[in-house]
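Please open the structure in your viewer and keep the selection tool at hand.

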Amino acid sequence: MTLLRRVPVWAAGVFALALAARLLFWALADQPLLYTHQYHYFMNGLLIAQHPDPWTFLFRSDDWRLWDRHWTIAPLYYPFEALVFWIFGPSLEALRLVQIVLGALTAAAVGAIGRLTVGPRGYWAGLLYAVHGYSVELPTWTLTENLHNVLFCAAMALLLAGAARRGLATTAGGAALLGLSALARSVSSAFLPVAAAWRWWYGERDRRWRDALVVVACGLGVILPWTARNVFVIGDLVPIETTAYENIWYANHFTDEVRFRRQAEIVHAQETNADKRRVALHFALRGLRRDPGAFVDKVRKNFWHFLRPEGLHHLLTAESSMEPWRHAFYLLLDDLPGLVLLPPFLAFCAGGRRTAAWALIVLWTAYYLFFEIVVFLNEVPRHRTGFVPFFLVGGIAGIALLARREERRRAAPWIGAAIGLAVVFGLLAPYPAAAWRTVAALRALAAAEEAVARGAAADADRIAAEAAARAPGSQRPWVRYGRILARAGRPADALAAYERAAARPRVSWSPTIARPRLLREAGQDPAAALRALHLLEWNADPWLVQEVAWRELPPPL
């Protein structure tokens with residue numbers, strides 16, 4: 001009870017909102033693990049928990065953290081999973097519940113960073129993180145970000161708090177957590193010297209070297225025992241993991257698929273792990289030397305890909321086959337805060353007062369975006385998780401900055417905001433016309449449904465063709481029309497509509513899912529279509545495909 005009384009009201013409120021949002025999503029979405037990488041993490045955690053000698057297995061083997069049989073992943077998430085399984089049994093639901101609590105703690109840490117950056121009202125950043133779309137969904141997934149986020153955000157909060165105090169305990173704790181976060185996701189490992197330099201710059205003259213050395217010593221004090229295990233027990237000079245080499249090679253090889261497969265054969269044929277890393281790095285550097293233009297193009301695409309509004313992209317560009325509620329979820333809780341806060345975030349970066357908090361957020365942003373945009377490829381929204389907490393803090397700080405009367409005459413914040421508005425305009429530019437065309441096509445298609453209901457097949461086909469012409473390139477009108485025909489008991493005509501949808505340059509799964517049943521009902525052989533459907537299930541995810549099938553097809557008889 002004494003501890004609870006010491007928890008600030010704002011922190012309790014942020015934690016409670018975040019906890020409620022994540023529990024609600026877990027209960028209502030009720031989704032299984034999706035995609036191969038989630039099962040990889042889950043099964044490897046079980047592998048440790050069920051091993052007859054787990055400590056020896058962890059210490060003397062790397063089999064529990066292998067990716068693609070050749071590369072190792074940062075270690076900490078797997079023992080974390082195993083610990084949950086040892087305590088609660090081999091339960092995915094128990095793991096999700098623990099991750100939900102960690103997600104709520106992350107929101108409280110974001111609120112603390114906000115208060116240290118903005119002042120008392122900075123906890124609004126924590127409230128925004130509490131309901132941020134992907135951050136709400138993340139705890140239901142078995143991904144390393146669930147552990148890294150809470151460790152890293154707590155580390156940054158402690159480092160900021162330590163910069164305002166003369167004692168070393170807070171700074172040492174923040175540095176140790178920073179090192180621990182690097183063992184969950186190695187992306188934060190190289191930030192340790194940056195954090196030390198930041199602490200030196202913002203330290204008091206008589207103790208800046210001491211504080212910087214404390215950051216380095218405490219951070220490395222967590223990482224180096226793991227490095228020593230790799231060197232002396234495994235026999236491989238690897239600080240944390242080797243997957244970074246594979247990622248650098250994959251992001252920068254700049255060859256076609258056939259040549260990349262040949263490179264992969266050469267890399268994987270090397271006798272030692274060190275040789276695999278050396279050859280992979282060789283191919284990456286060779287790709288950069290041979291085609292610098294492709295590298296520039298990659299950076300350009302990565303930039304827009306990293307920032308793009310995923311909800312709008314899946315709704316209007318990719319026309320992804322996801323549930324309507326999920327489209328709304330991403331639009332409101334992912335796209336909207338990102339687009340609204342980008343201008344004030346850049347206002348803060350460009351014109352914020354040069355405080356320790358400003359510098360730490362700007363340094364982490366530059367560091368993180370360098371790796372996600374320049375060095376590697378980014379997989380959004382997953383790879384935005386290290387950026388979002390500090391983006392939200394910077395956005396709230398930017399709003400506070402632009403609202404202050406004494407700041408209104410300074411040009412820098414407004415220049416930053418103007419650049420942000422230009423980027424937002426560039427991000428949104430493809431979507432208004434696409435939305436207009438889609439709405440027009442679907443409204444026109446309503447008359448086709450009425451014509452099908454009254455048996456006027458020729459009129460329905462004509463109206464459907466006219467509706468589809470209003471949205472060139474979109475599969476939606478023909479998919480919707482195929483669904484109408486299928487439910488009306490006209491499988492051959494429905495099949496023709498789905499074929500016309502498949503000829504358009506979108507990636508909706510609906511035609512592939514609908515074909516086998518419609519072919520069978522039309523008296524044709526569905527074998528080839530079934531093979532294509534099974535391939536889609538394998539490459540995508542069986543549960544997602546099944547969910548689309550329930551929405552796309554009439555109920556089975």
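Begin with the second largest pocket of this predicted model, which has a volume of about 850 Å³. To find it, select Tyr35, His314, Ser320, Met322 and Val380, which are the closest to its centre of the 31 residues that line this pocket. If you then colour helix 3, helix 8, helix 17 (310–317), helix 18 and helix 28 (542–552), you will have marked elements that each supply at least two residues of the lining of the second largest pocket. Helix 28 provides the largest share of that lining, with four residues. Coloured by class, the residues lining the second largest pocket divide into 14 nonpolar, seven polar and 10 charged.

Next, move to the largest pocket, in which about 1,500 Å³ of space lies. Two or more lining residues come from each of helix 3 (35–49), helix 12 (208–234), helix 13 (243–252), helix 14 (257–268) and helix 19.

Rolling a probe the size of a water molecule over the atoms shows where empty space is left. A search of the whole structure finds three cavities of 30 Å³ or more, and about 260 Å³ of space lies in the largest cavity. Select Leu307, Asp334, Gly338, Arg384 and Phe391, which lie nearest the centre of the largest cavity among the 22 residues that line it. The elements giving two or more residues to this lining are helix 8 (133–137), helix 16 (292–307), helix 18 (324–351) and helix 20 (388–403). Of these, helix 18 gives the most, with six residues. The lining of the largest cavity counts 13 nonpolar, four polar and five charged residues.

Now look at how side chains are packed. In soluble globular proteins, nonpolar side chains tend to be buried together. The largest nonpolar core here has 60 residues, and those that touch the most other members are Ile113, Met156, Leu178, Phe191, Trp198, Trp364 and Phe390. Helix 19 (residues 356–375) gives the most to this core, with 10 residues. Centre the view on Trp364, which, leaving aside its neighbours within four places in sequence, is in contact with Phe152, Met156, Ser188, Phe191, Gly386 and Phe390. Another core, of 34 residues, lies apart from the largest one, and includes Phe57, Ala94, Leu95 and Ala184.

Finish with the cysteines. How many disulfides does a search of the whole structure find? The search finds zero. Select Cys153, which is in no disulfide, and then Cys349, whose sulfur is the nearest cysteine sulfur to that of Cys153, at 16 Å away.

Note on methods
Residues are numbered from 1 along each chain as its sequence is written. This is a predicted model: local features need pLDDT of at least 70, side-chain atom pairs count only at pLDDT 80 or more; totals for chains, interfaces and linings use all residues. Side-chain values use heavy atoms; hydrogens and water are left out. On a 1 Å grid over the protein atoms alone, a cavity is a set of points where a 1.4 Å probe fits but cannot get out, and a pocket is an open set with protein on both sides within 12 Å along at least five of seven lines; lining residues have an atom within 4 Å of a point. Grid points are joined across faces, edges and corners, and a volume is the space filled by probe spheres set on the points. Ala, Val, Leu, Ile, Met, Phe, Trp, Tyr, Cys and Pro count as nonpolar, Asp, Glu, Lys and Arg as charged, and the others, Gly among them, as polar. A nonpolar core is a set of buried Ala, Val, Leu, Ile, Met, Phe, Trp, Tyr and Cys residues joined through side-chain atoms within 4.5 Å. Buried means under 20% relative accessible area, exposed over 50%, partly exposed in between (1.4 Å probe, protein chains only). Contact means heavy atoms within 4.5 Å. A disulfide is a pair of cysteine sulfur atoms within 2.5 Å.
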